[in-house]
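Please examine the protein model shown here and work through its strands, its helices and its charged pairs by question and answer.

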Amino acid sequence: MAAFKAEPDFAVFEKIKHYSAALETPALEEQKMLSAIVSKPKTPVKTVSLYQHWVFRVAAVVVLVLGFFFTFQIFGTATEIAENGQQNRFSLPDNSEVVMNAGSEIEYKKWNWSNNRKLTLNGEAYFKVAKGQKFEVNTSLGKVTVLGTQFNVKQRGERFEVHCYEGKVKVTYQDKETIITKGMSIAFKNGQSLTIPQTTIESPQWLNNEMVFYQEDLKSVVGEFERHFDVTLELKTKASPQLFTGTIPANDIDVALQVLSASYHLKASKVGKNKYIVTAVDAQQ
């Protein structure tokens, strides 16, 4: 304490002590303070409805989904399918007409179609092409290029056929190009060229419920039966080297099976709703 009193700041401390002793604090009036708080105007509380918030989120998601949907529709790949036992007729963006035979699929892009008329075919289809820029049909075996014409393309397994019904088409197979005109046909199988006679018909016969074959083996003929009639034919016979050329009616499966059986000495027995067992006649004797 003696050392503290000797400090220069001790006189300041004495003044603070002196004046603070004279201060008085007002009495706390609790009731008056409470009344002032209660009577104070209340500011409305702003609330956001949880339902409204959820609706906005859903709306945003819908907008995004629709955006993706329309973008896909414009820029995505369109696919047309003809199931077994059915045909599919549709129009391309330039109003070119396409009829797909049973068991076929086509893919193409709608975007910029007028300048890039290309599609990919797996199966068989008849095309009636509108006038315009180059039109191209691609398959796993070959390519067909035309301007404005009518033609049929068939790709089944290792067989590739093109038939021209109007104008002319350019067929590309194994990097070799061939031009065919109205009435002409061209076909290849396993890299070999097949001879198909000229015709005067105006459109593919399968459009009129007729299956036409040119030098087809039994397995290929059976495959066409299965696609056209949407059935299963189980062959229980040795493979025949005989090639079939001819027309089989395709509006009645019983008649069609009779023609097939007579041509190959077979007998077809129905064992289920859409299944037949096909055996050689000699095997049943």
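Me: On what basis are residues numbered and values computed here?
Reply: This is a predicted model, in which local features need pLDDT of at least 70 and side-chain atom pairs count only at pLDDT 80 or more, while totals for chains, interfaces and linings use all residues. Residues are numbered from 1 along each chain as its sequence is written, and side-chain values use heavy atoms, with hydrogens and water left out.

Me: How many helices and strands does the protein chain have?
Reply: Helices (H or I, at least four residues) and strands (E, at least two) are DSSP runs, numbered from the N terminus. On that basis the protein chain comes to six helices and 19 strands.

Me: What percentage of the residues of the protein chain count as buried?
Reply: A residue is buried under 20% relative accessible area, exposed over 50% and partly exposed in between, with a 1.4 Å probe and protein chains only. Of the 285 residues in the protein chain, the buried share is 35%.

Me: What is the strand order in the open sheet with mixed pairing?
Reply: Two strands pair if DSSP finds at least two bridges between them. The edge strands are β1 (77-82) and β12 (176-181), each of which pairs on one side only. The seven strands of this open sheet follow the order β1-β4-β5-β7-β8-β11-β12.

Me: Which strands stand at the edges of the open sheet with antiparallel pairing?
Reply: This sheet has seven strands in the order β2-β3-β6-β9-β10-β13-β14. The edge strands each have a single partner strand, so one side of each is left without a neighbour in the sheet; they are β2 (88-91) and β14 (192-194).

Me: Which residue in β3 stands opposite Asn88?
Reply: Strand β3 (residues 97-100) runs antiparallel to β2, and four bridges join the two. The residue of β3 opposite Asn88 is Met100.

Me: How far apart are the end C-alpha atoms of helix α5?
Reply: The expected span of a helix is 1.5 Å times one less than its number of residues. For the twelve residues of α5 (residues 218-229) this gives 16 Å, which agrees with the distance in the model between the end C-alpha atoms, 16 Å.

Me: How many of the twelve residues of α5 are buried?
Reply: The buried residues include Leu218, Val221, Val222 and Phe225, and also the charged residues Glu224 and Arg227. Helix α5 is largely enclosed by the rest of the structure, because the number of its twelve residues that are buried is nine.

Me: Which residue just after α5 takes a positive phi?
Reply: The phi in question is about 55°. The residue that takes this value just after α5 is Asp230.

Me: What is the relative accessible area of Arg159?
Reply: Arg159 and Glu216 meet in a salt bridge at 3.3 Å, N to O. Glu216 lies in β15 and Arg159 in strand β10 (residues 159-166), so the pair ties together parts that are 57 residues apart in sequence. Glu216 is buried at 3%, and Arg159 is buried with a relative accessible area of 3%.

Methods. Salt bridge = Lys/Arg side-chain N within 4 Å of Asp/Glu carboxyl O.
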